[in-house]
Amino acid sequence: MAAHFGRRLRKGAATTAVAAAAVAALSASQAPGTPGEDHGRQTTAGAATPVPDAASDDNATGNSPYYTDLPPLNSPNPSPSPSATGTPVAQGDAEAGIPATVLDAYKKAEAELRSSKPGCNLPWQLLAAIGKVESGQAEGGRVDAGGTTIGRILGPALDGNGFALIKDTDHGAYDGNTRYDQAVGPMQFIPSTWAWAGRDGNGDGTKDPNNVYDAALAAGHYLCRNGWDLSREGDLHSAILSYNNSQDYLNTVLSWLEYYRKGTHSVPDGTGSVPTHRSDDGSPHTDSPKHTKTPKTKPHPKPDPKPSTPGGGSPGPTPPKPPAPPTTPPTNTDTVDHLADADTAKLTAMAGHAFDQRIGTRAVTKSGKPVAKVRIRFTISGDTDATFTGGETVATVATDAQGVALAPALQAGEKTGDFKVTATVVGRSVKALGYTATVTPRAADTLTRTSDTPLTCTPGGEFADQVQLKATYKGAVADKVAATATLIKSDTDATENDKGPYFKDADGKPVRTLTGLQTDAKGLLTLPKLYADDATGTFLLRITTTGGATLTVELKVAAADSTTSPSPSPSPSAS
């Protein structure tokens, strides 16, 4: 499970020393230059230092507790290949065994990400490392045939008592707790993160954080956001820290990642080993909401209403009242009354292009004062393929000192029309703020011929050169722009001509209007061959594009010797 900032396993000096030695040994023998690095940050024996340069996006787990057990110092040693029948024969170190269904989920998630986000380079061993640290591989593979955990795997209530304070966001739908959020499932997503990061990994039409296929795919996409390339050390560290912002967590995950990379094997579901030490003093995982309720305290005994003293004297002093229980001070998020627009300009972009404008949302109190350090979630919705830069449809940004959260730049897809971006406060129920964005068709404002060679033909023949044009928009290449070509009657009459040059359709029949044309990646448009009927003279071909670019091209049809021979002399009159 995932860890709270500043909390580590408190098992005494001996345990701390053993853990420190194990990490040091792993750094030297298994992951040179990675688990042991602190990147200039200092970590004491009593506290895990939060990493200041981790991503500002939502934390996947709410920094819930996590397992701190480290892998064995010796690497697993599975057999090099399975038997001919495909039955696994590798039986290396017990810690290297991953329950079959859980392992299958990790590998399927890697395959999907290899297709959908090839630049991320997600290794399934990273999912296995996080799954080990978060839930002990779904508590040793306690899953049914479909990959859903047998009983819910829940972290403690994030009530601010030793953990982060995250008030309920799912009305208890995932964690059964209607007061506070709890991390859920084998990858320990908090409900507020699962609401946008959840995926359907097994194709059953639902996104269930308790299903290892859904959770593994969601974790993969979560780790692959922000354009991270996990083959690069810096991006790998940033992705892991965004899952849980703790240097100790990073070191532990990297240790398991390196261990699994050196070999692993499948074991039957339910037989995997389960870690025993956790960052919250090693208390066990809970499997239902009732185990995470705050224990009731014994009521304070009421004083005797008529106390007496020896000898019938006056009663003694009234016992002091018990101190009032401490109250949790309000957070910045608690003071937000509403969201306001922060001078967002009109959101319009051409298909395939980035929006020049960005959304700004301000968090304010009831009196109108800005509230800093509040997380604002921006969500894209509607029939659109537009995304934020990096390919995500959800982004979370903290407000600055002026209370403003500036959403990442929007990137238009190919679908035109309107879509919506909704801004909400993470961890507080206030009215959402909606923005409408518009994607317009790709356009060109200029068309030019790529050659100035005259286009000529003899009656009944074909033009030697094809018409090729280049489209631009504000001086830049205008690619994928729709165009129409029509042989028109005259400059003042753009109706289709019924004589003169023509194109041919698939059946070889004459056509004088072509629709559905499109410029290529270089903004070029090459028209099909042109043919001439028996009519002679100068004819006009007009090409128009989306955006208003227009070009008229002259086509000349004349007899072969009409341009090179003088006009014939009149015949002499008959005598």
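View 1. Buried residues account for 45% of the 575 residues in the protein. The model shown is predicted. Its accessible surface comes to about 28,300 Å², and carbon and sulfur atoms hold 52% of that surface.

View 2. The protein contains seven helices and 24 strands. Among contacts with a separation of 6 or more, 69% are between residues 24 or more positions apart.

**View 3. Gln137 in helix 3.** Gln137 is part of helix 3, which covers residues 124-141. The phi angle of Gln137 is near 55 degrees, a positive value in a residue that is not glycine. Most residues other than glycine have a negative phi. Is Gln137 buried or exposed? Its relative accessible area is 2%, and buried means under 20%, so Gln137 is buried.

View 4. Gln188 is located in the loop between helix 3 and helix 4, the latter spanning 191-197. What is the phi of Gln188? The angle is near 55 degrees, again a positive value in a residue other than glycine. Gln188 has a relative accessibility of 0% and therefore counts as buried, the limit being under 20%.

**View 5. Gln137 and Gln188 side by side.** Gln137 belongs to helix 3, whereas Gln188 sits in the loop between helix 3 and helix 4. Phi is near 55 degrees in Gln137 and near 55 degrees in Gln188. Relative accessibility is 2% for Gln137 and 0% for Gln188.

Notes:
Residues are numbered from 1 along each chain as its sequence is written. This is a predicted model: local features need pLDDT of at least 70, side-chain atom pairs count only at pLDDT 80 or more; totals for chains, interfaces and linings use all residues. Side-chain values use heavy atoms; hydrogens and water are left out. Helices (H or I, at least four residues) and strands (E, at least two) are DSSP runs, numbered from the N terminus. Buried means under 20% relative accessible area, exposed over 50%, partly exposed in between (1.4 Å probe, protein chains only). Contact means heavy atoms within 4.5 Å. Accessible areas come from the Shrake-Rupley method with a 1.4 Å probe; for residues, only the protein chains shown count as cover.
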